[in-house]
Amino acid sequence: MTILFLLVLTRLISTGNADVHGGRGQSITLPVDKPNVHLDNVQWIHNNTVIAHLYQGEPPACLHDNMVLDDKTFSLTISDLQLNATGSYKFNADGLDTALVYQVVVFDLVQKPIIIPHCNSTSCTLNCTGADNENTEVSWTDNKGGKESGPVWVVERSEHLNVIYTCNSSNPVSWKTNSISVREMLESIGRKHFMVWVTLALLTLVSSLLIWRCCVRRKPIDGVGHSWMGLHFFPVTKQVSTVPV
């Protein structure tokens, strides 16, 4: 009977040893191919720490509130994943090592990428930023069937305003996209040029005012009046009336 029990338990070996990927804030479930025998004691162990168990005559118990151990299937569900949930998860039954092990990796969810175009008279360089994580892959596509890998795509400057370029940012658990059309690209460049010209005009105006203020001085006239822009100013003398007593 013991040999039969061990043979049945070995069914768990072929169902484990898998990689499981999850995103921060998401949920995962680690399943168990439950054998057709009664199990009195089961455990889930995360990096050598028992995090969930079901003992004979007791309800399931978990170390953390975001974990649920199913008392029928023995599967373990972890919600609101955080990066510290990464590691190995091992299932034990009746104190025996079953070799059912999951390697869990938790990733940050990718953010929507930002597209920054730089154009000259013949081409445009598209930079897809915001994907600086080493686990994030970046690629480009357009609505004409073109493709490019990596965060930078140099394209010919097109007269067709309806061409759309899309940046795809992804990791094993999530993806985000952002797009820009040739029309939006040229409008963005036009706005940047306009702001540059406005800034230069303001700087020129301020510089001219400073120069004018420094060059125009008040010049004394005979030690009495002052001259400013060709106009003469004289001090006003106060007249005191004398009333005979």
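This report walks through the strands, cores and disulfides of the model above.

## Ground rules

The model is predicted, so local features need pLDDT of at least 70 and side-chain atom pairs count only at pLDDT 80 or more, while totals for chains, interfaces and linings use all residues. Residues are numbered from 1 along each chain as its sequence is written, and side-chain values use heavy atoms, with hydrogens and water left out.

Strands here are DSSP runs (E, at least two residues), numbered from the N terminus, and two of them pair if DSSP finds at least two bridges between them.

Now for the pairings. E10 (residues 114–119) and E11 (residues 123–129) run antiparallel and are joined by six bridges, and the hairpin between them goes through three residues. Along this pair, Ile115 sits opposite Cys128, and Pro117 faces Leu126. On to E14 (residues 152–156): this strand pairs with E11 over five bridges, again in the antiparallel sense. Thr125 is the residue standing opposite Val154 there.

## The disulfides

Count a disulfide as a pair of cysteine sulfur atoms within 2.5 Å, and you get two of them. With the bonded cysteines numbered in sequence order, the pairing reads 1-2, 3-4.

The Cys119 to Cys124 link has an S to S distance of 2.0 Å. Its handedness is right, with 110° about the S-S bond. For burial, the cut-offs are under 20% relative accessible area for buried, over 50% for exposed, and partly exposed in between (1.4 Å probe, protein chains only). Cys119 comes out partly exposed at 25%, whereas Cys124 is buried at 1%.

The other bond joins Cys128 to Cys167, S to S 1.8 Å. This disulfide is left-handed, because the torsion about its S-S bond is about -85°. Cys128 lies in E11 and Cys167 in E15 (residues 164–171), so the pair ties together parts that are 39 residues apart in sequence. Both ends are tucked away: Cys128 is buried at 7% relative accessible area, and Cys167 is buried at 0%. As for Cys62, that residue is partly exposed, with a relative accessible area of 30%.

In soluble globular proteins, nonpolar side chains tend to be buried together. A nonpolar core, as used here, is a set of buried Ala, Val, Leu, Ile, Met, Phe, Trp, Tyr and Cys residues joined through side-chain atoms within 4.5 Å. The largest one has 24 residues, and those with the most contacts inside it are Leu30, Trp44, Leu76, Tyr89, Phe91, Tyr102 and Val104. Strands E2 (28–30), E3, E4 (49–54), E6 (67–69), E7 (76–78), E8 (87–93) and E9 (96–107) each supply at least two of its residues. E9 gives the largest share, four residues. A second, separate core has 14 residues, including Val163, Tyr165, Cys167 and Ile180.

Contact means heavy atoms within 4.5 Å. Leaving aside neighbours within four places in sequence, the partners of Leu76 are Ile28, Thr29, Leu30, Trp44, Ile51, Ala52, Met67, Val68, Leu69 and Tyr89.

His46 belongs to strand E3 (residues 42–46) and is buried, with a relative accessible area of 12%. If you skip residues up to four places away in sequence, His46 touches Ile51, Asn84, Ala85, Thr86, Gly87, Ser88 and Tyr89. The His46 side chain also makes a polar contact with the side chain of Asn47 at 3.1 Å. Such a contact is a pair of N or O atoms within 3.5 Å; within protein, one must be able to donate a hydrogen and the other to accept it, and residues adjacent in sequence count only if both atoms are side-chain atoms.

Leu96 is part of strand E9 and counts as partly exposed at 31% relative accessibility.
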